[in-house]
Every structure is written in C-alpha cells, then in structure tokens.
Amino acid sequence: MDIYNEELGYIMWRVTNNWQKLMKQELQEVDLTHVQFALLRSCHSLNERGGLGATQIQIAHDSFMDPMMASEVLRTLEKKGHVNRVPHPQDTRAKLIRLTESGANVMERANQIVLEADKTFFSKLEPELEGFIKQLRLLMP
C-alpha cells in the first residue's frame, strides 16, 4: 500500500482544521483567537527572558508568524488591554510589546484551556503520542 495514495496532505489538512475548530471553541471563554493566544504566549516567553521587552518583529519570528499579521493582531490585543506598545529606547522605529496584568492573566488561563483541549484532542493517539510528537518535530523548520 502506497501511503501517499491515501492523500496524506488532505488528511493532515482535515486534522488541522478539526484541531483549529476545537481551539476556536475553547478559547471563546477568554475572548481570544488562537493567533492572539500564540502572540500573547510568545510575548510572555520573550519578556520572561529579560531585557527591555520584545519587539513586534521578535514576537512575530518567535511565533513563526508574518510580521504584518502579527502587527495587526498585536494592535487588537492592545485595544483589548492585554498588551502595551511603548517606544524602544534605542530604536525609534521599533515598539516594545509588554503584557499588561490583564494580558498575563488571560494568557495564563488560555494556556490552561489549550493544554486541556490538546489532551482531549490528542488522547486518541495514546500510547503512541510521544512518538507522534517526535515525528511531527521532524517536519518543523
């Protein structure tokens, strides 16, 4: 049997769509999209590493996201009160992005929601889940 005749890409696309649908449903509780959550999590992670804060470009790269899309989503997060954008002290063209207290709280709750949803979604792969994750990492850039 030729596994590529099983339309591997199509199967992956359908699984991804099902997972995204679950994330959308679950994250409604905290009024976030999955993209917003990913950027909040990246911002948190980069800010935890120390320094002045993270720039939009750093957050976009850390999230493997297009910088223009990241910029638009960060503006939305700023309007929601989850991040502050402040001038960079050395680079007048850049803004530093920092989580507000509200942003940290919602990111923490969203992280719990996503972890629980992932457990539910991927539970069907037990006990091979660890091997599946290793295989998926081979496909990452």
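**Figure 1. Burial and overall layout of the protein chain.** Of the 141 residues of the protein chain, 30% count as buried, where buried means under 20% relative accessible area, exposed means over 50%, and partly exposed lies in between (1.4 Å probe, protein chains only). This is a predicted model, in which local features need pLDDT of at least 70 and side-chain atom pairs count only at pLDDT 80 or more, while totals for chains, interfaces and linings use all residues. Residues are numbered from 1 along each chain as its sequence is written, and side-chain values use heavy atoms, with hydrogens and water left out. The protein chain has six helices and three strands. Here helices (H or I, at least four residues) and strands (E, at least two) are DSSP runs, numbered from the N terminus. Read from the N terminus on, the order of elements is α-α-β-α-α-β-β-α-α. The C-alpha trace spans about 60 × 30 × 25 Å along its principal axes.

**Figure 2. The three-stranded sheet.** The three strands form an open sheet in the order S1-S3-S2, with antiparallel pairing. S1 and S2 are the edge strands, each pairing on one side only. Two strands pair if DSSP finds at least two bridges between them. S1 and strand S3 (residues 95-99) are joined by two bridges, and Ala54 has Ile97 in S3 as its bridge partner. Between strand S2 (residues 83-87) and S3 there are five bridges. Asn84 stands opposite Arg98 in S3, and Arg85 stands opposite Ile97 in S3. In a regular strand the side chains alternate between the two faces of the sheet.

**Figure 3. The largest nonpolar core.** A nonpolar core is a set of buried Ala, Val, Leu, Ile, Met, Phe, Trp, Tyr and Cys residues joined through side-chain atoms within 4.5 Å. The largest one has 28 residues, of which Leu27, Val30, Leu32, Leu39, Leu40, Ile59 and Leu77 touch the most other members. At least two residues of this core come from each of H1, H2, H3, helix H4 (67-79), S3 and H5. H5 gives the most, with six residues. In soluble globular proteins, nonpolar side chains tend to be buried together.

**Figure 4. The salt bridge between Arg109 and Glu29.** The structure holds seven salt bridges, a salt bridge being a side-chain nitrogen of Lys or Arg within 4 Å of a carboxyl oxygen of Asp or Glu. In the pair formed by Arg109 and Glu29, the closest N and O atoms are 2.8 Å apart. The pair links distant parts of the chain, 80 residues apart: Arg109 lies in helix H5 (residues 101-122), and Glu29 lies in the loop between helix H1 (8-27) and helix H2 (34-48). Arg109 counts as partly exposed, because its relative accessibility is 33%. Glu29 has a relative accessible area of 53% and is therefore exposed. Side chains of opposite charge can pair when their charged atoms come close.

**Figure 5. The salt bridge between Arg49 and Asp62.** The closest N and O atoms of Arg49 and Asp62 are 3.8 Å apart in this salt bridge. This pair also links distant parts of the chain, with Arg49 in the loop between H2 and strand S1 (54-55) and Asp62 in helix H3 (residues 56-62), 13 residues apart. Arg49 counts as exposed at 58% relative accessibility, whereas Asp62 is partly exposed at 29%.

**Figure 6. The salt bridge between Lys134 and Glu130.** The side chains of Lys134 and Glu130 meet at 3.9 Å, N to O. About one helical turn separates Lys134 from Glu130, because the two are four residues apart in helix H6 (residues 129-138). Lys134 counts as exposed at 52% relative accessibility, and Glu130 counts as exposed at 57%.

**Figure 7. The largest pocket.** On a 1 Å grid over the protein atoms alone, a pocket is an open set of points with protein on both sides within 12 Å along at least five of seven lines, and lining residues have an atom within 4 Å of a point. The largest pocket holds about 1900 Å³ of space; grid points are joined across faces, edges and corners, and a volume is the space filled by probe spheres set on the points. Its lining has 44 residues, of which Trp19, His34, Phe122, Leu136 and Met140 lie nearest the centre of the pocket. H1, H2, H5 and H6 are the elements that give two or more residues to the lining. H1 gives the most, with eleven residues. By class, the lining has 25 nonpolar, ten polar and nine charged residues. Ala, Val, Leu, Ile, Met, Phe, Trp, Tyr, Cys and Pro count as nonpolar, Asp, Glu, Lys and Arg as charged, and the others, Gly among them, as polar.

Note on methods: 1 Å grid on protein atoms, 1.4 Å probe; cavity = no way out; pocket = protein on both sides within 12 Å on 5 of 7 lines; lining within 4 Å.
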